[in-house]
Amino acid sequence: MGIIGGVRYALGSVMMIGVAPEYLGVWLAWRGITLVLPNWVYQWGDDKLYSLYQRLVLFFFETCTRTEVVVYGDADDALKKRESVLYLANHQSTVDWLVADMVSIRGGSLGHLRYVMKDTLQLIPLYGHYFYAHGCIYVKRGKFNQQKMIRALDCLRDPRIPTWLIIFPEGTRYYPATPSVIEKSEQFARDNNLKVLKHHLIPKVKGTWLVAEHLHDKFDALYDVSVFYEGCVSQDGVRGNAPQLIEFLMGKCKKVHIHIRRIPMTEVPHEEMALKSWLQNLYIEKDELAENFFTKDNEKRATVQKRLGGHVSRLSIWSTLSSFLFFTVLTVPFICTKIGRQLYLQLIVYGTLGSYGWLAVRSVC
């Protein structure tokens with residue numbers, strides 16, 4: 001598996017990063033065509049493009065790794081619906097955003113994913129500006145700008161723009177390798193008379209509240225998503241780190257458990273303090289669920305799928321292979337022709353400069 005995993009990592013990385021200029025070129029063409037059209041028309045086409053690229057990502061991260069996706073709870077019923085969703089999930093790995101891909105593609109909503117994400121991701125060449133144009137929302141840790149987030153949320157109000165908005169309320173990863181973060185969260189809970197969580201950080205309410213307040217009528221439901229990566233607990237019952245992107249792509253995680261609870265938005269509070277209490281109780285329940293997957297009892301961990309009624313959910317190969325073939329064909333003229341190679345380099349240079357120029361202007365607005 002070492003050699004195969006290494007080849008998969010090399011090929012996947014080269015292709016997922018390498019097609020960025022071509023993707024940017026297609027997106028720029030669509031953006032130009034739709035400049036004089038309503039925003040929902042642009043967003044419709046952009047969602048198609050986003051879905052196309054994320055299917056390429058899933059080709060490498062799920063199809064090629066042969067990772068089993070096991071779903072629980074309301075997953076089957078919820079994913080049959082075509083609805084706008086506020087998606088709240090636990091956060092323990094750089095793979096967590098990919099799990100949202102795995103969930104949404106099964107619900108026919110992959111292109112509608114938009115994230116509340118840390119502002120440092122704006123610095124990613126080419127994609128930093130694109131994520132913003134797609135409807136993602138950047139927030140700065142420690143210097144939360146409420147008005148800037150509200151302006152970003154206003155762009156998603158249009159009912160003709162279907163949306164799955166992804167939030168990780170913990171704000172950062174629960175990562176045993178950085179115990180200081182976990183200890184800080186536990187101390188915060190004690191100082192504020194909150195229940196100390198065993199498997200999560202204390203959730204932050206501000207961002208979730210702003211979304212719930214400003215887009216409450218847009219969303220049909222809140223999906224409470226709990227993700228557990230197989231192999232995180234040693235035979236001695238000690239919880240280790242969840243697999244990160246490179247490890248996952250190399251095939252070191254054979255199974256991902258995803259529990260979904262669908263909560264109608266009518267049951268989600270509007271008022272900030274009420275939502276804070278509600279969110280804390282939600283995470284207490286998530287902590288109790290997590291104990292099934294992180295328990296020191298090896299037998300209970302081994303039988304969790306049967307005990308909680310989980311089942312393997314498989315994607316058709318064509319649902320991701322088609323995207324791989326599309327980008328392979330798209331890449332050929334960029335590699336095999338002189339004009340294509342020149343355009344490729346120009347898209348990298350001018351796309352990066354334009355993205356950083358946008359970032360500089362936006363930072364002072």
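Helices here are DSSP runs of H or I with at least four residues, strands are runs of E with at least two, and both are numbered from the N terminus.

Before going on, the conditions. Residues are numbered from 1 along each chain as its sequence is written, and side-chain values use heavy atoms, with hydrogens and water left out. This is a predicted model, so local features need pLDDT of at least 70 and side-chain atom pairs count only at pLDDT 80 or more, while totals for chains, interfaces and linings use all residues.

Back to helix 5, residues 96-106. Is this helix enclosed or open? Of its 11 residues, 10 are buried, so helix 5 is largely enclosed by the rest of the structure. Buried means under 20% relative accessible area, exposed means over 50%, and partly exposed is in between, with a 1.4 Å probe and protein chains only. Among the buried residues of helix 5 are D96, L98, V103 and R106.

Now the whole protein. There are 15 helices and eight strands. The radius of gyration, taken over C-alpha atoms, is compared with a globule rule of 2.2 Å times the number of residues to the power 0.38. For 365 residues, a compact globule would come out near 21 Å, and the protein has 21 Å, which agrees. The C-alpha trace spans about 60 × 50 × 40 Å along its principal axes. Buried residues make up 51% of the 365. Contact means heavy atoms within 4.5 Å. Of the contacts in the protein with a separation of 6 or more, 79% are between residues 24 or more positions apart.

Next, the sheet. In what order do the eight strands lie? The order is 4-3-5-2-6-7-1-8, in an open sheet with mixed pairing. Two strands count as paired if DSSP finds at least two bridges between them. Strand 4 (137-139) and strand 8 (311-313) are the edge strands, each pairing on one side only. From one strand to the next, the twist averages 30°. That angle is between axes, which are lines fitted to C-alpha atoms, for helices over the stretch in contact; angles run from 0 to 180 degrees between N-to-C directions. As background, strands of a sheet pair through backbone hydrogen bonds, either parallel or antiparallel.

Take strand 5, residues 164-167. W164 and I166 point one way from strand 5, L165 and I167 point the other way, and all are buried. Strand 2 (residues 85-89) runs parallel to strand 5 and is joined to it by four bridges; here L86 has L165 as its bridge partner. Strand 3 (residues 113-118) also runs parallel to strand 5, with three bridges, and L113 stands opposite W164. Helix 9 (residues 206-214) lies across strand 2 and strand 5, at about 160° to strand 5.

Strand 6 covers residues 221-229. Nine of its nine residues are buried, so strand 6 is largely enclosed by the rest of the structure. Y223 and V225 are among those pointing one way, and L222 and D224 among those pointing the other. Strand 6 pairs with strand 2 in the parallel sense over five bridges, where A89 stands opposite V225. With strand 7 (residues 255-264) the pairing is antiparallel, over nine bridges, and V225 has I260 as its bridge partner there.

Then the nonpolar cores. A nonpolar core is a set of buried Ala, Val, Leu, Ile, Met, Phe, Trp, Tyr and Cys residues joined through side-chain atoms within 4.5 Å. Which residues touch the most other members of the largest core? They are Y53, Y87, W164, Y223 and Y229, out of 72 residues. Helix 3 (residues 39-63) gives this core its largest share, 10 residues. A second, separate core has 31 residues, including I167, L197, M265 and L275. Leaving aside neighbours within four places in sequence, W164 is in contact with residues including Y87, V103, L113 and Y223.

One last residue. L156 is in the loop between helix 7 (146-154) and strand 5. L156 is buried, with a relative accessible area of 2%. G135 is 21 residues away from L156 in sequence and 7.2 Å away in space, C-alpha to C-alpha. Not counting residues up to four places away in sequence, L156 touches R114, G135, I137, T163, L165, L215 and K218.
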